Amino acid sequence: MDHTAAPRGGRHRRRGTVRAVVVAVVCGLIAGAATAIAQGMLPAWLSSLANSSGSWTLLAFLLALPAPTAASGAVCGFGSLLSMLAGYVLTDLLRGYPASTGLMVFWSAAALIAGPLLGVGAQWLRRRPGTRAALGLSSLCGVLLGEAGYGLLVIAQSTSPVYWWGQGLVGVLLLAAGAGWKLRGPGLVVQAVLFTAAVAMAFVVLCTHGPALMVLVP
């Protein structure tokens with residue numbers, strides 16, 4: 001028996017974890033800074049990209065995929081979203097636009113709650129079969145479709161519907177691609193669709209009532 005195999009495997013996972021977390025944090029900082037700079041500079045039909053949680057969610061999910069374990073995926077999801085917020089706030093601060101406490105509290109809470117869920121979801125989609133893969137896929141697609149629905153139904157008068165239709169299409173395509181990649185059998189596909197619908201509805205509810213926190217906190 002090779003007694004060095006387990007320690008080497010442990011070291012390999014630790015290196016993979018550190019590498020994945022560092023990449024997630026660095027990319028998050030860059031994405032947050034780019035979001036702050038892009039606000040007000042994008043054309044009207046694309047301007048919601050710099051104000052959409054869908055773009056940050058998609059990036060956090062992708063950054064968590066290379067992590068070696070579900071736990072490290074959760075750390076990557078949280079770290080990437082928190083660093084996106086930090087990059088955004090710091091960039092705006094350097095430009096003379098200090099962020100409100102409400103905004104920081106709201107998005108810090110979102111990073112704490114949604115980040116680990118997205119990270120674990122990415123790992124479940126990549127490594128786990130069956131229902132957990134369906135849940136992992138829905139954690140991303142539900143947010144994309146939920147925000148697209150919110151954009152079209154609630155804030156269509158102040159934003160371009162073109163972007164929301166595009167984001168909704170991306171959500172549907174990712175759901176179909178993920179189902180074709182990991183889900184075997186119509187039962188699991190139905191589960192993924194139902195889970196996605198539940199996440200989308202929950203997102204709309206949170207998006208409708210969550211900003212009240214930004215008003216209550218100075």
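What we are looking at is a predicted model, in which local features need pLDDT of at least 70 and side-chain atom pairs count only at pLDDT 80 or more, while totals for chains, interfaces and linings use all residues. Residues are numbered from 1 along each chain as its sequence is written, and side-chain values use heavy atoms, with hydrogens and water left out.

Let me start with Ser52, which sits in the loop between helix H1 (5-38) and H2; helices here are DSSP runs of H or I with at least four residues, numbered from the N terminus. Because its relative accessibility is 5%, Ser52 counts as buried, where buried means under 20% relative accessible area, exposed over 50%, and partly exposed in between, with a 1.4 Å probe and protein chains only. Which residues is Ser52 in contact with, once its neighbours within four places in sequence are left aside? They are Glu147, Tyr163, Trp164 and Gln167. With Tyr163 there is also a polar contact, side chain to side chain, at 3.5 Å; that term asks for a pair of N or O atoms within 3.5 Å, and within protein one must be able to donate a hydrogen and the other to accept it, with residues adjacent in sequence counting only if both atoms are side-chain atoms.

Now to the helix pairs. The axes of H5 (residues 130-153) and H6 (residues 161-182) come within 8 Å and cross at roughly 165°, the axes being lines fitted to C-alpha atoms over the stretch in contact, and the angles running from 0 to 180 degrees between N-to-C directions. H5 and H6 are therefore roughly antiparallel to each other, since angles under 35 degrees count as roughly parallel, over 145 as roughly antiparallel, 65 to 115 as roughly perpendicular and the rest as oblique.

How do H2 (residues 53-64) and H3 (residues 70-94) cross? Their axes come within 8 Å at roughly 140°, and H2 and H3 are therefore oblique to each other. Among the residues that meet are Trp56 and Leu63 in H2, and Gly73, Met84 and Tyr88 in H3.

Finally, is Arg15 buried or exposed? Arg15, whose place is in helix H1, is exposed, with a relative accessible area of 51%. Arg15 and Pro68 are 53 residues apart in sequence, yet their C-alpha atoms are 9.3 Å apart in space.

Conventions: Helices (H or I, at least four residues) and strands (E, at least two) are DSSP runs, numbered from the N terminus. Contact means heavy atoms within 4.5 Å.
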